[in-house]
Amino acid sequence: MQLNAHIPSGPLSEKWDKHRFELKLVNPANKRKYEIIVVGTGLAGSSAAASLAELGYHVKIFCIQDSPRRAHSIAAQGGINAAKNYPNDGDSIKRLFYDTIKGGDFRAREANVYRLSQISNNIIDHCVALGVPFAREYGGLLANRSFGGAQVSRTFYARGQTGQQLLLGAYSALSRQIALGNVEMFTRREMMDLVLINDHARGIIVRNLVTGELERHGAHSVVLATGGYGNVFFLSTNAMNSNVSASWRSYLKGACFANPSFTQIHPTCIPVHGTYQSKLTLMSESLRNDGRVWVPKEPGDKRAFQDIPESERHYYLEAKYPSFGNLVPRDVASRNAKEQCDAGRGVGETGYAVYLDFRDAIARDGKNTIEKKYGNLFQMYERITGENPYESPMKIYPAVHYTMGGLWVDYNLMSTIPGLFVLGEANFSDHGANRLGASALMQGLADGFFVIPYTIGNYLNGHSQPNIDTSHSAFKDAEHETGERINRLIAIDGKRTVDDFHKALGNIMWEYCGMARNEAGLETALDKLPELREEFWENLKVPGDPASFNQSLERAIRVADFMELGELMLHDALDREESCGCHLREEYQTDENEALRNDDEYCYVSVWEHQDDENLQLHKEPLVFENVQLSQRSYK
Amino acid sequence: MSTQTINLTLKVWRQNGPDDKGRLDTYHAKNISKDMSFLEMLDVVNEGLSKKNQDPIAFDSDCREGICGMCGAMVNGHAHGPESETTLCQLHMRHFKDGDTLYIEPFRARAFKIIKDLVIDRSAFDQIIQAGGFISVNTGGAPDANATPVSLEKSSLAMDAAACIGCGACVASCPNASAMLFVSAKVSHLALLPQGQPEATRRSLNMICEMDHLGFGNCSNERECEAACPKGISIQNIARLNREFIKSSLFSTPSV
């Protein structure tokens, strides 16, 4: 197989314009004849379905929740970047492009990231027109703030609920198209398989989560917008139902998976407090502006925080990074917290937490000032932990937050399967090895509102489009295979529950493929994981009736796929013998414990192709930088 | 964080489908850490049931951060439990005492069919939004985002209303099973913004017609919805909806 990213030639700033001119158009009368399936109703899926329907295509959209408004985009807090330069502080499309490509530690495509920056401004215009209540200044114009260490204020926000408001905006546009009859909505349906006819994506098999029935849906093209796979770690900030199955099933059918091991670990989350814990909660990283991070100097010191004198407290970030201190980037802050806890200095019941202390900030600025800045976050912390951060330091620990990896797509967002497009977090394309804050919402809406409406027409008009008939043997076979897979899960009738297996998988992934990786650890995990997977298929217990609403079965189907994905992530992390962004291979660090890239040998996207159950093939898409200078990120 | 544990008796509504009669079954939740969330407590009970090869209690949840609106149940008669402005997933067990008995039931309303146990069908809310809870602009034609200033006061009020998570607690708490708080939150959000003005008339009429059509009741000012709302949506929005509705009724006819 030959990878072709279809990046247009010409100067960076003209590529997208040139490409749009060269893309084939579909005659309005013909658009009506084309059916498009969209899987997922988050920012990318809802915006894609709405704008494709506006153009005249007939769209069928699917989600696993009871309503399209529940998708996990809704939980994003901070904001959405755009290069509007409203504050007149020196921002530009080029600067947003540069910050994003550098933030990704030079492991993303220049052309994609530049297009994203260009489109960012259209997103804000459209969302305001849809009624998104962004924060405003007294004069009535839009407010901006700086975020994630950016030197300019380019982040638009709606209180701490930007994701919610953007998703409800996209959901309202989708609802309008449903009412007009241009979109057919299918809720509580989960994609079980992708159907290929003559090697083109022509439909999907879904499981009706209420009745347990399998359904066939055909279309001329399939768009996946199914989000990230952070739940492979069991504990993450992802929603409970977020999963990899739609992507994974497409991978098994021939769509390549890019950079699967690139996982963002966010430093400021509420720590794990018991084995019963179901998920982790993010606290905005803005807290590090005033909080000081510390642990006891002496390993194993179990005294309460107030009994530890100042001289026995270790402010490790301030000591190690005198100029950036507590404000080092996400990946550096996360790795250092792990290092301290591994050395026995962690605090709290589990020993896997560090203090984030506001004592000095409150003494300096007064409680009122701190309350104005962080009141809602302090309240959220107290609600969850029962502790008052004005009186005792917060306890925080890093948690899995976002996956930069995903299905490989070309510049048109088409995967290696013709007719299968992948948008948003589900693809790999724009964030390289590390995503900057407030960039995920931007990418989801860029892909859905402003890229796919152009590029899908080029596919539809560029290939002959047969009538799709779901009685075709490809649909029958895929449905049969899915049914067999479900029957196999039920038939195991073992002793361990699916959550039990999922936790065991998460432990392996977190231990060996989390914040820091090394060869020996990855090799160990490659021994342990297949054993676990074998036990899963021998000792799983799925209670209840498979032909009905059965949440245990839903999870079992997802965890079976996570087990396989986990192994691919280990291979990917092992192959990349360099450190970059989120991917820290302990063998490759600078003297200051920064990620040490190896641009000579690893300046490529790792693109994995499934061959059969035993074999994987790695393709390398070289990353060519014509407009930026590759440099070492330094935070001294 | 404390390691205190409590023991509880749960009386949980079990119903095998919309046509099943349903019943309250009793379960004992033992050694429940007070640091658990309510849904984690149910997870623990379900793990126990699964190991005994019994059907776990079906309940919906997704983000478990109080924003997606997927979770929700009546706990001792309170939607999302006894704490104010808290979704069920953000309710923690430290608010309960050792030996408590908890009655856990689904959100009930004529327009919300029970799918299984605590899982309900809230698609009626989506249908209300489809009747007019949007601004009719296609992708591509929007003017610059700063072309139309919006006063800080109005945009803040719009944001207050837009914070609705569509969980249905308002309907479940209302003696009439009215969806007025839900509808008024969306109508207010859009009516307060200049972008929402061109369609303001049809929006309130169509959404209210759809609400009536789907079998939700009327508002009789009980204020239970406001008390139960996990996002603190104010019933002032209902007053605004009534004003919008009267204005609209005088000048046009509904299209539904």
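**Where chain A meets chain B**

Colleague: How many salt bridges does the rule find across the interface of chain A and chain B?

Modeller: Bear in mind that this is a predicted model, where local features need pLDDT of at least 70, side-chain atom pairs count only at pLDDT 80 or more, totals for chains, interfaces and linings use all residues, and side-chain values use heavy atoms, without hydrogens and water. Residues are numbered from 1 along each chain as its sequence is written, with chains lettered from A and ligands numbered from 1 in the order written. With a salt bridge being a Lys or Arg side-chain nitrogen within 4 Å of an Asp or Glu carboxyl oxygen, the count across this interface is five.

Colleague: Which residue forms a salt bridge with Asp60(B)?

Modeller: Here the closest N and O atoms are 2.7 Å apart. Asp60(B) pairs across to chain A, with Arg188(A).

Colleague: Which helix gives the largest share of the side of chain A that touches chain B?

Modeller: Helices here are DSSP runs (H or I, at least four residues), numbered from the N terminus. Ten residues of that side come from one helix, H6(A).

Colleague: How much area is buried between chain A and chain B?

Modeller: The contact (heavy atoms within 4.5 Å) takes 76 residues from chain A and 77 from chain B. In chain A, Arg70(A), Tyr276(A) and Arg383(A) lose the most area to chain B, together 11% of what that side buries. Buried area is the accessible area (1.4 Å probe) lost on putting two parts together, summed over both. Carbon and sulfur atoms give 52% of the total, which is about 6400 Å².

Technical notes:
Helices (H or I, at least four residues) and strands (E, at least two) are DSSP runs, numbered from the N terminus.
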